[in-house]
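The sequence and the coordinates are shown first, and a description by topic follows.

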Amino acid sequence: MRLTRFTDLALRVLMRLAVEDPKATDDLPTTREVAAGMRVPYTHTAKAVARLQHLGLVEARRGRGGGLTLTAAGRSASVGALVRELEGTGDVVECEGAEPCPLRSACRLRGALRQAQEAFFAALDPLTVGSLATSPTGPVLLDIARSRAPDEL
């Protein structure tokens, strides 16, 4: 199974925010800084942040002293549950589209693919966003966090 770019970006945003000190309230990263550090378009990052904020995983504050923080729910969120939410649990293959598959009423592949998809999600269930930011990933994320240079924005 392949994740959408949106889900991939949302997970990377969460990982990036997971290395920030949760007690620090000054110098919070902005959406623009996170986008620049991850080398992705700001508009895509803003959409991912908005969705994560809607899910209660990220808090975004505007204005002076504003920025992004990972909520406690975001830090402890199951990666499997998050991927299910962002990707949806629809079929892996299109059986009922504009030209429905002639095998759809007796196909064993569709059920097997659904089982494989659930196994994929289940393999991610024990992982939390916080656990994704541990070593060896954590130090790389910290380097990205420290490289917030205004000329890159």
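This is a predicted model: local features need pLDDT of at least 70, side-chain atom pairs count only at pLDDT 80 or more; totals for chains, interfaces and linings use all residues.

## The largest pocket

Helices α2 (31-38) and α3 (42-54), together with strands β1 and β2, each supply at least two residues of the lining of the largest pocket. Among the contributors, α3 gives the most to the lining of the largest pocket, namely five residues.

The space in the largest pocket amounts to about 270 Å³. Its lining comprises 15 residues, and those closest to the centre are T31, Y42, A60, R62 and L68. Sorted by class, the lining of the largest pocket holds six nonpolar, six polar and three charged residues.

## The second largest pocket

About 160 Å³ of space lies in the second largest pocket. The residues R5, F6, D8, L9, R12, V40, P41, H44 and K47 line the second largest pocket. The largest share of the lining of the second largest pocket comes from α1, with five residues.

By class, the lining of the second largest pocket has four nonpolar, one polar and four charged residues.

## Helix α1

Helix α1 has 14 residues, which at 1.5 Å a residue should span 20 Å; the end C-alpha atoms of α1 are 20 Å apart, in agreement with that expectation.

Of the 14 residues of α1, 10 are buried, so the helix is largely enclosed by the rest of the structure. The buried residues of α1 are T7, L9, A10, L11, V13, L14, M15, R16, L17 and A18. One of them, L9, is also among the residues that line the second largest pocket.

Helix α3 has 13 residues and reaches 18 Å from its first C-alpha to its last, close to the 18 Å expected at 1.5 Å a residue. Its buried residues are T45, A48, V49 and L52. They cover an arc of only 100 degrees around the axis, which puts them on the same side of α3. The exposed residues K47 and H54 are carried by the face of α3 turned away from its buried side. K47 is also part of the lining of the second largest pocket.

Residue E33 is found in helix α2. E33 has a relative accessible area of 18%, and because buried means under 20%, E33 counts as buried. E33 and T45 are 12 residues apart in sequence, and their C-alpha atoms are 10.0 Å apart in space.

## The strands β1 and β2

Strand β1 (residues 58-61) pairs with β2 in the antiparallel sense, over four bridges. The bridge partner of E59 is T69, in β2. The two strands form a hairpin with five residues between them. Within the turn, G63 has a positive phi of about 80 degrees.

In a regular strand the side chains alternate between the two faces of the sheet. For strand β2 (residues 67-70), both faces are covered: G67 and T69 lie on one side, L68 and L70 lie on the other, and all are buried. Among these residues, L68 is also one of the residues closest to the centre of the largest pocket.

Definitions and conventions: Residues are numbered from 1 along each chain as its sequence is written. Side-chain values use heavy atoms; hydrogens and water are left out. Buried means under 20% relative accessible area, exposed over 50%, partly exposed in between (1.4 Å probe, protein chains only). Two strands pair if DSSP finds at least two bridges between them. On a 1 Å grid over the protein atoms alone, a cavity is a set of points where a 1.4 Å probe fits but cannot get out, and a pocket is an open set with protein on both sides within 12 Å along at least five of seven lines; lining residues have an atom within 4 Å of a point. Grid points are joined across faces, edges and corners, and a volume is the space filled by probe spheres set on the points. Ala, Val, Leu, Ile, Met, Phe, Trp, Tyr, Cys and Pro count as nonpolar, Asp, Glu, Lys and Arg as charged, and the others, Gly among them, as polar. The expected span of a helix is 1.5 Å times one less than its number of residues. The arc is that of the directions from the helix axis to the C-beta atoms.
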